[in-house]
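Start with the view below.

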Amino acid sequence: MKRTIVVGVDGSPESRAAADWAAREALRRDMHLRVVHAWLWQPLGAPIVQNRDTEASRAQDILEEATAELTHRHPSLPLTAEVLQDTPVPALLGAAKDAEMLVLGTRGHGVIAGFLLGSYGQQLIAAAECPVVSVRARHGRPVGGPEEGEVVVGQQGGVEESAGVLGFAFEAAAVRKVPLRAVRAWSLPPVYGYSPGSMWIAEQFGGLEPFEKAALEQALEPWRLRYPEVEVVEQVDMGSGGHVLLSAASDAQLVVVGRRVRESSVGARVGSVAHAVLHHAACPVAVVPHS
């Protein structure tokens, strides 16, 4: 059985862009595409005329329109389509349980507001067991337009922690036949962060920056061996992870970032780096759970 990519559609331009991106990715990786639309009949406690059959028919129309467009554009693509009888978050989490990735369309609300605050997307990205790819409908670029640029991945932590993120990024670069830019950000620790142990480690490498470069090289080594055809560009810069990664990804076709989840009074939230990239990157963003 082929591995599966799941994409959620809702009839919006963003979901059309997401479905097209997912279709291309399925063809690149020789995977099956599962197109889903979540709909659940929930009568409102308000004096508004509602018709269950009409809404059910509309849900089916959304799905059929999406699949017809994909079949026309990608006739060799193996796909299935299904209306899921549930609310969006549990429906998509269930559909993606055994998938290689979940793809979502994302609405933009400007540079300041970002585009995931308070949305289903943030809940899905924080809770999904598989990588989640967020795709915008880019202004001025039609669905089906060319994809250009390298794949950029943010590397954090050690070899084991970043294995899932780097594995996803290397495979993405390999199937696209483009270079992979591996980015690691670092900053000077506060005064209280200096300790004899940490300074001894830094001194063994000739300073903090050489230490960070060595850490990146060590994390990349097993993936270079597995994907020798992928050209790798290493970039180690001082600064916040979000700013460094966004700067490196200005011309990328895909950004891959790891996911750390923290609990808050309003539910699970992704870490600051993933949050920044999701809000401000112009290209699709893949958020991969840390190993």
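E171 counts as buried, at 19% relative accessibility. Buried means under 20% relative accessible area, exposed means over 50%, and partly exposed lies in between (1.4 Å probe, protein chains only). The side chain of E171 meets that of R29 in a salt bridge, 3.2 Å from N to O. E171 sits in helix α5 and R29 in the loop between α1 and β2, so the pair ties together parts 142 residues apart in sequence. R29 is buried too, at 7% relative accessibility.

A salt bridge here is a side-chain nitrogen of Lys or Arg within 4 Å of a carboxyl oxygen of Asp or Glu. Helices (H or I, at least four residues) and strands (E, at least two) are DSSP runs, numbered from the N terminus.

## Basis of the model

This is a predicted model: local features need pLDDT of at least 70, side-chain atom pairs count only at pLDDT 80 or more, and totals for chains, interfaces and linings use all residues. Residues are numbered from 1 along each chain as its sequence is written, and side-chain values use heavy atoms, leaving out hydrogens and water.

## Other salt bridges

The count comes to 17 salt bridges. In one of them, R184 pairs with E212, with the closest N and O atoms 2.5 Å apart. R184 lies in strand β7 and E212 in helix α7 (residues 208-226). Shared partners join R3, E25, R28, R29, E100, E171 and R176 into one network.

## Positive phi

K177 has a positive phi of about 60°, although it is not a glycine. K177 is exposed, at 76% relative accessible area.
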